[in-house]
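Below is a short briefing for a reader new to this structure.

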Amino acid sequence: MAEPYLKESSTSTELQHEVGRLNQRLDFIAAKLEKAKIKDIIENYTNPKRLILSNFMAGLSRGLGLSIGTFIVLGLLGWILSLFVNLPMIGDYIKELQDYIQLQP
């Protein structure tokens, strides 16, 4: 009669051990999901107003960045071209281009 009790006890211990391991695993998964901010992502995509505002701000930022970047690149290009005004063949063409740009209102 002692044997069934021992089997139950070892089974119970194994189950407790298994439940403990599952709890640790669930805690690990919960921590990873919290770190990944899945909740925030889901809230963003389920709220249409928030999604529209987020996309609008992203588009506005991209447009502004593109405009500023273009301004800087064209400014540098113009400055570099102005260094070549003294060259014989290229200088004449660039000089005409500069005169044309300065005449524009």
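The side chains of R21 and E18 meet in a salt bridge, 2.3 Å from N to O; the term stands for a side-chain nitrogen of Lys or Arg within 4 Å of a carboxyl oxygen of Asp or Glu. The model is predicted: local features need pLDDT of at least 70, side-chain atom pairs count only at pLDDT 80 or more, and totals for chains, interfaces and linings use all residues. Residues are numbered from 1 along each chain as its sequence is written, and side-chain values use heavy atoms, with hydrogens and water left out.

**The salt bridge**
- A search of the whole structure finds one salt bridge.
- Both R21 and E18 belong to helix α1 (residues 2–36), where they are three residues apart, about one turn of the helix.
- R21 has a relative accessible area of 44% and is partly exposed, that is, between buried (under 20%) and exposed (over 50%), using a 1.4 Å probe and protein chains only.
- E18 is also partly exposed, at 33%.

**Helices**
- The protein chain has four helices and zero strands, counted as DSSP runs (H or I, at least four residues, for helices; E, at least two, for strands) numbered from the N terminus.
- Helix α2 (residues 38–46) and helix α3 (residues 48–83) have axes that come within 5 Å and cross at roughly 95 degrees; axes are lines fitted to C-alpha atoms over the stretch in contact, with angles from 0 to 180 degrees between N-to-C directions.
- α2 and α3 are therefore roughly perpendicular, a label for angles of 65 to 115 degrees.
- E43, N44, Y45 and T46 of α2 make the contact with P48, R50 and L51 of α3, where contact means heavy atoms within 4.5 Å.

**Burial**
- Of the 105 residues in the protein chain, 2% are buried.

Key
Parallel < 35°, antiparallel > 145°, perpendicular 65-115°, else oblique.
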